[in-house]
Amino acid sequence: MVASPIEQVQIDPVVALQIAKCFNDERAQDEDRIGQLTGYIDRSSNVLEVTHSIPSPVETEDNFDEPERYALDYLKYIREKGCDHLQVGWYTSSLNSEIFTRSFLNNLVSFQMNLTESTVIVYDPLKTAQGHCSFRAFRISQDYIDMIKYDAENDYWPEPTLKELRDGKISTKDIFEEIPVALKTSFLANMLIYELEDRDSFNPRKSFLEPATSASLEKHLKLLDKVVDEVVNDSNRFNQFQKVTGKNQQQRQTWMAKRRQENEQRRANGQDELPLDEVNSVHKLPEAPSRIEPMLRSVQMKEYTDAVADFATKSLGKLFITDAFQKSS
Amino acid sequence: MEATQPNLCKIQPTVLFQIIDYHERKGANISEKEKAPNRVIGTLCGSIDGGVVTVGSCYKVPHKEDDNEVAINMQFNEDLFKLQKKVAPNDMIIGWFTTSKQIDNNDMTFMDYYARLMSTARQGKGGVHPIVLMVDTAPTNGKIDIKVYTLLKTKIGKRQIEGSMPLWLQTEIMYSDADRTILDELRKCSASSSRKLTLPTGIDPLKSSVDSIIDNLKVIQEYVNDILEGKRKPNSIAGRLLTDFFHSIPHADAEVFEKMLNSNVNDYLMVLYLSQLANVELALNEKLIMAQ
């Protein structure tokens with residue numbers, strides 16, 4: 001694809017409110033809910049406009065593939081409504097910043113394989129309720145997409161091995177890219193907003209200004225703790241793998257040397273030579289542990305540490321403000 | 001379900017924005033031979049509880065309108081309602097919306113249709129009162145009117161002729177906390193000339209909220225100064241509110257406060273340091289693995 005990448009994602013007010021509604025109080029706990037987005041790509045300014053969202057149905061026990069069928073059914077009627085029908089991505093919620101899982105990566109890859117400009121919008125219901133409007137957009141970097149071998153028919157791609165990752169020079173920060181998000185209203189929507197405000201002023205609950213919101217910090221730290229354990233396990237496993245491979249190589253070398261010696265003897269005696277291929281069955285190569293899971297965990301861990309650092313800096317700011325307040329009064 | 005006449009209608013803001021979105025797109029899918037209809041008609045879904053109707057979502061239904069005839073795509077309506085049921089199983093059809101300003105003769109046909117739909121859904125448990133949400137999208141008064149009415153069957157005049165008249169319901173917009181935040185951001189959007197606003201990240205939101213508090217305090221300061229200089233008449237109610245406000249700031253002992261401040265600052269600095277350490281460790285690990 002030679003087209004230049006999208007620089008901004010623009011969300012219509014309808015979509016923002018629909019996504020907020022989808023993840024409102026009763027269903028904020030279902031972390032697996034996703035919905036689809038439709039929109040329009042504006043090439044002149046490299047902006048992806050998201051104009052409509054397809055809600056996600058409630059999952060019951062009989063129908064696990066319900067979300068996909070629902071989306072397909074819904075799309076049949078979307079032209080009648082006059083909305084764009086180009087599927088540009090999907091949205092999900094990020095309670096406590098838990099975003100980068102395997103299914104997230106898989107979903108995003110299959111979307112991006114179909115349409116390079118697609119994106120995922122991550123909405124944080126907790127932060128938005130506290131007064132900070134939180135929509136973030138991500139996509140997978142082009143380098144990563146170029147590297148994996150995608151099988152379009154089966155929608156499957158084999159995990160990249162360590163060697164491929166090294167050759168492509170992909171490190172954890174190169175997998176996902178964040179795109180800035182903007183909100184844009186139309187004139188009629190502006191009038192509606194003024195009208196609504198006349199009736200009843202919005203007064204968003206700015207509870208993030210209160211100095212004592214540390215419950216989310218505790219949660220983050222607990223999750224960070226877990227992830228750090230997992231990352232340590234991963235690196236231990238990798239070290240183990242390195243050791244075993246080293247030993248294995250040595251064993252193979254010695255075995256091969258022995259075989260060659262035997263073969264020379266046999267040649268001298270005029271007998272058939274023994275094959276060298278049996279080394280593979282005698283000394284099997286150890287299996288390389290998957291690289292993607294540890295990488296995703298590192299990205300997730302970076303996300304947690306960023307959130308914790310963000311929270312800590314804000315709280316420090318708030319503390320100094322209260323200090324100044326106290327001193328003056 | 002209830003057969004009482006609704007008297008209050010609670011609307012979620014999503015519905016209103018969707019209606020104006022449909023209105024803006026109404027010319028989108030029309031072929032050249034047909035004329036785009038003047039207004040948008042669609043179904044409202046939600047719930048009824050006692051005399052209170054809650055409107056949760058809506059969808060547009062294509063229709064055709066000439067001077068005498070109206071036609072609505074009934075199959076479309078039913079299909080979309082089935083889809084809607086999958087998302088929100090507790091929703092029912094409670095009425096319909098239109099983007100016209102005045103009640104039209106043709107509206108009666110739609111009322112009958114929806115009354116029929118609602119009574120089949122409820123299987124004759126009582127009277128049905130479909131509500132009609134009218135959103136005036138060609139703003140005639142300089143603002144968008146949002147009105148809701150339902151039909152009231154009365155007997156009019158000396159001869160007690162049976163007829164129906166509209167009963168206007170009180171409307172209330174139901175916001176959730178998240179809605180309020182988003183709408184606040186959208187209002188800032190509308191203030192900018194390009195109607196576009198990039199969402200701020202990092203410490204900017206905190207900074208902007210503190211700035212707005214400082215602005216509010218300046219306004220109060222000016223007000224008080226004006227009263228002291230005699231430019232304005234003092235208002236005892238406002239004065240009492242202000243003194244209550246300033247007295248409600250908790251005043252702790254200076255030493256206690258210092259200790260608390262220091263311990264909190266230490267906690268946060270430690271958390272910050274540890275998380276940065278974890279980051280560095282990660283980066284190092286990454287380099288080691290990649291380099292071999």
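Me: Contact means heavy atoms within 4.5 Å. Among contacts in chain B between residues at least 6 apart in sequence, what share joins residues at least 24 apart?

Reply: The share is 59%. This is a predicted model, where local features need pLDDT of at least 70, side-chain atom pairs count only at pLDDT 80 or more, and totals for chains, interfaces and linings use all residues. Residues are numbered from 1 along each chain as its sequence is written, chains are lettered from A and ligands numbered from 1 in the order in which they are written, and side-chain values use heavy atoms, with hydrogens and water left out.

Me: What else describes chain B?

Reply: Chain B has 7 helices and 10 strands. These are DSSP runs numbered from the N terminus (helices: H or I, at least four residues; strands: E, at least two). Of its 292 residues, 41% count as buried.

Me: Why does A:R139 count as buried?

Reply: Buried means under 20% relative accessible area, exposed over 50%, and partly exposed in between (1.4 Å probe, protein chains only). A:R139 has 15% relative accessibility, so it counts as buried.

Me: What makes β6(A) largely enclosed?

Reply: A:R139 is found in this strand, residues 135–140 of chain A. Of the 6 residues of β6(A), 5 are buried, so the rest of the structure largely encloses the strand.

Me: How do you know that β6(A) pairs with β7(A)?

Reply: Pairing needs at least two DSSP bridges between the strands. β6(A) and β7(A) (residues 176–179) have 4, in the antiparallel sense. One partner of A:R139 there is A:E177. Strand β5 of chain A (residues 119–123) also runs antiparallel to β6(A), joined by 4 bridges. In that pairing, A:V122 stands opposite A:R136.

Me: What makes a set of residues a nonpolar core, and which have the most contacts inside the largest one?

Reply: The members are buried Ala, Val, Leu, Ile, Met, Phe, Trp, Tyr and Cys residues, joined through side-chain atoms within 4.5 Å. The largest core has 92 residues, with the most contacts made by A:F135, B:F17 and B:L133. Helix α1 of chain A (residues 13–22) gives the largest share, 7 residues. A second, separate core of 22 residues includes A:I99 and A:V122.

Me: Why is the pair of B:W96 and B:F110 called tilted?

Reply: Rings of Phe, Tyr and Trp (its six-membered ring) pair if their centres lie within 6.5 Å; planes under 30 degrees apart are stacked, over 60 edge-to-face, and the rest tilted. These two rings are 5.4 Å centre to centre, with 50° between the planes. B:W96 is buried at 0%, and B:F110 is buried at 2%.

Me: Why is the pair of B:Y149 and B:W168 called edge-to-face?

Reply: The planes stand at 65°, and the centres are 5.2 Å apart. B:Y149 is buried at 2%. B:W168, at 43%, counts as partly exposed.

Me: How do you know that the charged end of B:K147 sits over the ring of B:W168?

Reply: The test asks for NZ of Lys or CZ of Arg within 6 Å of the ring centre and within 35 degrees of the ring normal. The charged end of B:K147 is 5.5 Å from the centre and counts as sitting over the ring.
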